[in-house]
Amino acid sequence: MITMIRYLSELLDERGRRHLHSMLLAQAAQGVLQGLGFLLVAPLVATLTSPPVDWGRLWFWLAAIAAAVAAHHVLLAWSTSLGYLVGTDVLTGFHERIGNHLATLPIGWFRGDRTGPIGRMLGKGTMDVANIPAHLLRHVVVGVTTPITMIGGSFLLDRRIGLAFTAGALLCALALRLLMVIVRRNDDDYEYDIGATASRIVEYARQQPTLRAYGVLDRPDLGTLEESLVRQQGSQSRLTIRGAWGLIAFFGTLQLVVTAVIALAVAFTLQGTMTLPVMIGVLIVTLRMLDPISQLGELAGLVQINADAIGRVRALLATPPLPEPARSAEPSGADIELRGVRFGYDGGPAVVDGVDATIPAGCFTAIVGPSGAGKSTLLKIIARFFDVDEGAVLIGGRDVRELGSAGVSRLTAQVFQDVYLFEGTIADNLRMAAPGASQADLDRVARTARLDEVVERLPDGWDTRVGEAGSTLSGGEKQRVSIARALLKDAPIVLLDEATAALDAANEAAVADAITELARDRTVIVVAHRLSTVVAADRILVLDRGRITEQGDHDALLTAQGTYARFWTERVRARGWQLAMKGNP
Ligand SMILES: Nc1ncnc2c1ncn2[C@@H]1O[C@H](COP(=O)(O)OP(=O)(O)OP(=O)(O)O)[C@@H](O)[C@H]1O
């Protein structure tokens, strides 16, 4: 519980923390008063059952009980309103803190499989965390402080009973701990599975054509939605069943302790070492103690689930952001230098393994190589999607870490394979790069990127909505929008990952022309899949298993008869084959 309060406190600002501390104090005092109220029944009963009744004492105990109950209710009202206040503080600050932190994480951190868990964290996770101060903490704090007060008071009734209560409380605490460990272990699995299912649902909705084409919809062995749902059901029933066993163990222990204390009190009375009024007092205290402890047990699972939600938020907030310089360094020019660059995903084996290269400003460079050679990764490293494990990337003579993400972003425009277009019009999607761009600017870049033909063809022209993620445009059209966007940004460096998917002839020619235009007066690095792009490049880097094995221009590399010459021959042959296929009716 202390850990949970510490985590909660970390998520709050100064004002929220003050509210939280006042709330906890009020709840603890409330628990003590409730315990006192229950305890005071014992001397009241003793006074009643010891004739002749001392009316003065009787009224005194009655007044004391009434005062404790009244003070308890005042504190209850105060702590409840404070609880809602803290819950609101959590809700208000939560999205902002997570949003701000997400904005500092490396772009490479945002993989597809993280969409589901983040969405869940921002939705249900937020409510779970806000629920802790608003509803749960009161039961937890009162459920602990009331029995502690009563156990302390029971020493005044009978020391032996006080000791028995203490031993029983330790046993119950152990059983409660066991229950929470069971819930935590199984809840972690359940949350993971439910996050994975959320990602699969998005994939299922977006990738229908592929899933149907390969008949994967009803093949649970292929990591599809169905498999995720089955796994989620499994972890959900494990959480429920194991949690129920933990709960049974806890209530079993509690009943055992209560029975043992009652039996002890009866035995002491029969022995003559305990008076009847004290025995009645012990019975009343024992039975009254059951309520707050039972409530604690019933809520323990929920408390643990909500504490886990805080744990996940903390883990996200602890993900190290990309280190940013206090002031972005000033680059001189748009040349790029790679010095002994080494990088592996998540600390794994090197995918880019000691790359040295210099790309002069204004040079059009193509990177070629077999699939999985690390071409796209190299491009992402230059764009500072991740920081290198070893070596350095320099733009204009300055390390990208000194330029900072904002500095690199100012210098580069990126056209990547998975072109993402926002739900909005084509014009909106271009203006992302330059919000103040005029219609004349849009028309100019559209002409260069050969987007003008697309805009003219569409019924609403520039105002055509592209659908979520650009779903209403073809692959080639999307790439033209993306190139136009990069042109509008007018950055001195363009990083382009050519689409591997085959484009139709019209789109292919348009994209090739657009890339040539893009390369005018700019430093352009293209992960090239099309022969036309490779031939147009001033310089070609051949990448194989993360290393540059050859570099030079097309003619020089062909003459060298190495990897590039083989790559070229294969592509030309494949191309010839494609053309032959197209020629056949
Ligand atoms: N986000 C990622 N996490 C872990 N490994 C990755 C990730 N992205 C790529 N890889 C791995 O890194 C290696 C290089 O991938 P990369 O996409 O850079 O190759 P590539 O040369 O561009 O391939 P292709 O031409 O097929 O696109 C591959 O083995 C790939 O599986």
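Leu-394 stands opposite Asp-399 in β5. The model is a predicted one, in which local features need pLDDT of at least 70 and side-chain atom pairs count only at pLDDT 80 or more, while totals for chains, interfaces and linings use all residues. Residues are numbered from 1 along each chain as its sequence is written.

Strand β4 (residues 390-395) pairs with β5 in the antiparallel sense over two bridges, where pairing requires that DSSP finds at least two bridges between the strands. Strands and helices are DSSP runs numbered from the N terminus, a strand (E) having at least two residues and a helix (H or I) at least four. The open sheet has four strands in the order β2-β1-β4-β5, with antiparallel pairing. Because β2 (352-359) and β5 (398-399) stand at the edges with a single partner strand each, one side of each is left without a neighbour in the sheet.

The axes of α3 and α4 are lines fitted to C-alpha atoms over the stretch in contact, with angles running from 0 to 180 degrees between N-to-C directions. They come within 9 Å and cross at roughly 160 degrees, and the two helices are therefore roughly antiparallel, a term for angles over 145 degrees. The table lists the residues that meet, contact being C-beta atoms, placed from the backbone, within 7 Å.

| Helix | Range | Residues in the contact |
|---|---|---|
| α3 | residues 41-48 | Val-41, Pro-43, Leu-44, Thr-47, Leu-48 |
| α4 | residues 55-102 | Arg-57, Leu-58, Trp-61, Leu-62, Ile-65 |

Notes. Angles under 35 degrees count as roughly parallel, over 145 as roughly antiparallel, 65 to 115 as roughly perpendicular and the rest as oblique. Two residues are in contact if their C-beta atoms, placed from the backbone, lie within 7 Å.
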